[in-house]
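The sequence and structure come first.

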Amino acid sequence: MSYWKRFVLFGVWILFCSYFFHVLYTDARTKAIKELNARQLIHAKQAAAGIEALIDHWMTFLAVAARKDSIIDLDEHGKEHIRFTLIAHKNDISAVTRVDRNGAILYTAPHNEKAVGANLMHQAHIQKLFKTKKPTVSDVFRATQGYSAVAIHFPVFKGGEFAGSIGILLDFEIISKRFLEVIRLGETGYAWMISAAGVELYCPVPGHVGNTVFSNCEAFPTIISMAEKMVKGQQGITEYRFDSIKERKVKTLKKHAVYMPIQIGNTFWSIVAASSEEEVLASLKGFKDKLLLLVFILLAGSMLFAYFSIRAWTVLKEEEKRRSTEDALRESEKRYRILFEEAPISLWEQDFSAVKNRLDALREQNPADLKGYFEARPELVKELAGLVNIIDVNKATLNLYKAESKADLFHGLPEVFPEEAYDDFMTCLVGISKGEKVFYFEKIHKTLEKETIAVQLHWMVAPDFEETYGRVIVSIIDITDLKKTTDALQESEEKYRTMMEGMRQPVYICSADYVIEYMNPAMIHRIGRDAAGESCFAALHDRESKCPCCFHERVTAGESVEREIVSPKDNRHYRVSGTPIFHTDGTTSKMAIYQDITDFVRAVRMKEAAENQLRQSQKMEAIGTLSGGIAHDFNNILFPIIGYAEMTLDALPPDENNRKNIEEILRAANRAKELIKHILTFSRKSAKQMKPLLVQPIIKESLKLLRSTIPTSIEIVQHIHDADAVVADPTQIHQIMMNLCTNAYHAMQNTNGVLQVAVAESDIPLEMFETIPDAKPGKYVMISVRDTGMGMDQQMIERIFEPYYTTKDKDKGTGLGLAVVHGIVKEHNGFITVDSEVGRGSVFKVFLPALQMEKKEDAQVEDGESPMGSESVLFVDDDEYIANMAEQMLVRLGYKATLRYSSLDALALFRNRPDDFDIVITDMTMPNMTGDQLAGEIKKIRPEIPIILSTGYSESIDSDKARELGFSAFLMKPILKKELAVAVRNALDKDPD
């Protein structure tokens with residue numbers, strides 16, 4: 001072969017060897033980096049698991065503490081608990097602090113009097129806790145004592161209300177030494193960690209901790225890119241470049257790293273495990289040199305030598321990989337041992353391989369029921385338990401069981417594990433025989449100091465030992481406090497349920513989305529079923545959407561609300577109290593208690609109506625008093641007007657032109673006199689007097705009064721016919737008319753209507769006896785009140801006579817008017833009917849039993865001469881004008897009149913001259929001594945002398961009472977001349993017997 005061909009062939013061979021060398025070296029480099037990344041990931045996961053377990057442990061611890069009454073109320077037991085917690089865990093925590101609802105320190109351990117009262121609301125994690133009311137973990141910050149710290153705070157609730165928090169302070173340097181500083185992959189490998197906001201929490205590079213990675217490494221885009229993924233909670237493998245300063249020389253290093261998040265309570269941290277590529281390549285330096293030598297030998301030797309060289313290279317590669325794997329395993333084992341020893345929970349490492357072998361041998365016998373087989377052979381279970389080899393336990397195990405050393409613990413195992421533990425072990429044996437790898441138990445153990453503790457056991461076969469069960473990891477968590485809390489909560493739940501079941505008031509609980517979670521028996525009875533799982537508005541109120549009066553959102557927002565409602569389901573009144581129930585998962589339910597207040601509301605309305613009626617009665621009483629005063633004074637004014645007019649008329653000749661004027665004056669005065677009578681009739685207060693009477697005059701009198709109060713736009717039409725008398729109280733007949741006519745006016749007040757009032761005799765049709773139970777055969781007097789107002793439907797007619805039922809506005813009626821009318825009519829042995837149609841008005845008919853009696857017209861004073869006399873009259877009145885006018889009237893009648901303007905003067909005169917007078921006329925109302933008192937004194941002097949009493953108005957006396965007091969006659973002012981003449985003559989002519 002020619003030289004150049006050989007040269008070309010050798011060149012090709014060199015290219016081939018170079019390519020072969022590049023491929024092998026690149027592959028070795030890639031695998032070395034992957035192995036490095038795998039080791040880095042193992043360490044990062046171990047550190048993350050340790051940190052998460054540590055934070056979860058203290059979260060659980062604070063959750064239990066936050067529910068203790070002593071911590072909630074912070075009494076002396078609570079403070080002692082805080083101090084004891086710090087002492088018991090002084091190697092783990094630096095401070096324990098109780099914060100009030102405003103963010104101020106209530107108590108802290110170690111105790112610092114200056115710190116008490118200090119406000120922590122400036123701290124970001126405190127602000128977040130107060131906003132979310134959820135457990136909060138802070139980022140690493142510089143504590144006042146000068147060390148880096150992490151704060152964990154758990155919310156405290158009292159009676160459902162937020163009451164602050166309980167928190168601990170962890171020395172982050174201890175955490176970093178325990179979980180981060182131990183991560184060393186070679187001479188240049190280290191770990192660093194950032195918060196969710198990108199703040200570097202741990203970093204061996206001086207000056208980095210406390211600043212954001214974005215400011216520390218802004219000149220390194222590869223680090224910034226990795227950090228952006230880290231703050232999003234991502235996990236990955238990457239490489240980046242970083243400047244290393246050594247002996248004032250700057251050198252850019254390429255680093256390989258893994259990063260992953262660590263879930264910390266309400267946030268997360270992100271850890272990075274990094275190593276320099278130089279160190280990775282350094283481990284390949286020998287391999288690279290040998291590979292170059294191999295290539296040189298291959299180039300210099302034969303293909304056969306190349307073949308053996310390649311085999312040697314393969315062996316070398318495998319050896320390198322084996323050594324690398326062994327180194328990684330040794331490094332991993334070292335890290336594992338550190339994590340195992342320093343783990344905050346109890347860990348046991350056990351070997352079950354001998355037990356597995358015995359079970360495999362036993363499987364050949366194929367017992368039908370392996371559990372029954374072991375139950376029948378308890379000694380075999382104990383024998384197999386003796387085959388378990390305890391390889392190791394950690395420090396937390398010694399602390400949990402109060403053991404001085406591992407030897408003491410192993411020696412005292414029979415005291416630690418109760419006899420019942422063999423039942424759990426038997427369960428494990430059956431599970432192992434089935435290939436199960438994980439078991440979970442909750443049991444009661446004892447410490448070597450005889451203390452009882454509740455624990456959770458988690459039994460798991462370690463990876464790569466699934467076939468032999470040669471390594472089993474058992475973790476044991478002390479749940480004594482949690483168990484006590486759970487038992488207390490369960491007991492509280494039972495008490496709560498018993499209380500709910502026994503409550504007479506309906507109660508239900510519903511979730512934030514309106515779904516009923518619980519109903520007590522009273523509520524189930526109220527709606528007729530257990531509606532748990534249904535929406536509250538549909539089950540309780542038959543609605544398709546939430547109620548207009550709903551306050552559910554206010555309650556689930558944390559507010560206690562009380563409101564009165566009327567349920568559309570049963571139309572009853574309820575006072576509903578809504579109280580929030582806060583759950584540990586952050587959700588809130590509403591507990592609603594229904595108190596039926598229907599009877600109370602009715603009582604209140606009755607009370608208000610009674611008060612209104614009382615106020616109305618007081619108004620009427622005041623009107624009566626005012627009317628009496630006006631009547632008294634007005635009658636005194638009318639007396640001289642009528643008297644002088646009559647005397648003037650008597651003095652005028654028949655053909656005198658002025659007679660007509662005087663007659664008009666008398667007519668007007670008499671109209672005024674009648675008006676006063678109407679006012680007094682309306683305002684007079686008297687007991688019920690049932691007597692035969694004609695209703696027509698009372699109705700006419702009522703309509704005269706109503707005409708002044710009803711607008712003239714409403715026409716009043718009367719159809720008052722002759723009818724028999726009835727036995728009735730005139731005042732109550734008047735009240736019937738006032739109530740019926742007032743209701744009719746209100747029905748027409750927005751229109752120009754017609755009010756028709758009719759009185760007539762009526763025979764009841766036969767069919768009315770079938771429809772009206774109160775109707776009895778006989779003759780009746782019917783009083784009818786008809787209006788042209790809005791009318792009523794049948795439903796309103798059926799309820800119109802119910803007390804407090806009204807169709808008027810709240811300020812226009814109490815709902816008592818028609819109920820009172822109905823009561824009066826029934827009391828008079830009558831009945832009332834109503835006929836109405838919407839838009840066409842209403843007619844009320846009152847039927848009162850007729851009394852068969854002779855009809856009499858009102859007595860009229862017959863025309864004719866007034867009787868006269870010549871006797872001596874003593875006239876007493878404190879009104880000088882009335883006395884002077886009376887003197888002239890008496891003189892014209894032929895009498896000798898002596899006047900006195902004072903009752904005391906009159907009495908003195910009569911005592912001095914008792915025989916000079918034949919009759920005494922005295923006013924009732926006078927200063928110093930009233931007319932009846934004056935009459936009494938005069939009668940003591942001359943018992944037989946006639947005395948006439950006159951008055952303008954007096955509630956205390958009338959004609960009947962005047963006669964009972966011994967008066968010969970009773971005259972109401974203004975007194976007509978003929979009335980005076982007749983009264984005096986009759987009194988003088990009356991037989992003394």
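In this predicted model, C550 counts as partly exposed, with a relative accessibility of 29%. C536, in contrast, is buried at a relative accessible area of 6%.

The sulfur of a cysteine can be joined to that of another; a disulfide is a covalent bond between two such atoms. With a cut-off of 2.5 Å between the sulfur atoms, the count of disulfides is zero. C536 takes part in no disulfide, and the nearest cysteine sulfur belongs to C510, 4.4 Å away. C550 is in no disulfide either: the nearest cysteine sulfur is that of C536, at 6.0 Å.

Two helix pairs are described next. Such pairs are described by the angle between the axes and the distance between them.

| Helix pair | Angle between axes | Distance between axes |
|---|---|---|
| α30 and α31 | about 5° | 10 Å |
| α13 and α17 | roughly 80° | within 10 Å |

The angle of about 5° makes α30 roughly parallel to α31. On the α30 side the contact is made by S903, A906, L907, F910 and R911, and on the α31 side by L934, E937, I938 and I941. Sorted by class, this contact of α30 with α31 holds six nonpolar residues, one polar residue and two charged residues.

Helix α13 spans residues 378-386 and helix α17 spans residues 421-433. Their crossing at roughly 80° makes α13 roughly perpendicular to α17. V381, K382, L384 and A385 of α13 meet Y422, F425 and L429 of α17. The contact of α13 with α17 has six nonpolar residues, one charged residue and no polar residues.

Which residues of helix α31 are buried? In this helix, which runs over residues 931-941, they are G931, L934, A935 and I938. These four cover an arc of only 100° around the axis, which puts them on the same side of α31. An α-helix has 3.6 residues a turn, so residues three or four places apart point the same way.

The cover over the buried residues of α31 includes helix α30 (903-912) and the elements β29 (872-876), β31 (919-923) and β32 (947-951). Two of the buried residues, L934 and I938, are also among the α31 residues that make the contact with α30.

Note on methods. Residues are numbered from 1 along each chain as its sequence is written. This is a predicted model: local features need pLDDT of at least 70, side-chain atom pairs count only at pLDDT 80 or more; totals for chains, interfaces and linings use all residues. Side-chain values use heavy atoms; hydrogens and water are left out. Buried means under 20% relative accessible area, exposed over 50%, partly exposed in between (1.4 Å probe, protein chains only). The arc is that of the directions from the helix axis to the C-beta atoms. Contact means heavy atoms within 4.5 Å. Axes are lines fitted to C-alpha atoms, for helices over the stretch in contact, and angles run from 0 to 180 degrees between N-to-C directions. Angles under 35 degrees count as roughly parallel, over 145 as roughly antiparallel, 65 to 115 as roughly perpendicular and the rest as oblique. Ala, Val, Leu, Ile, Met, Phe, Trp, Tyr, Cys and Pro count as nonpolar, Asp, Glu, Lys and Arg as charged, and the others, Gly among them, as polar.
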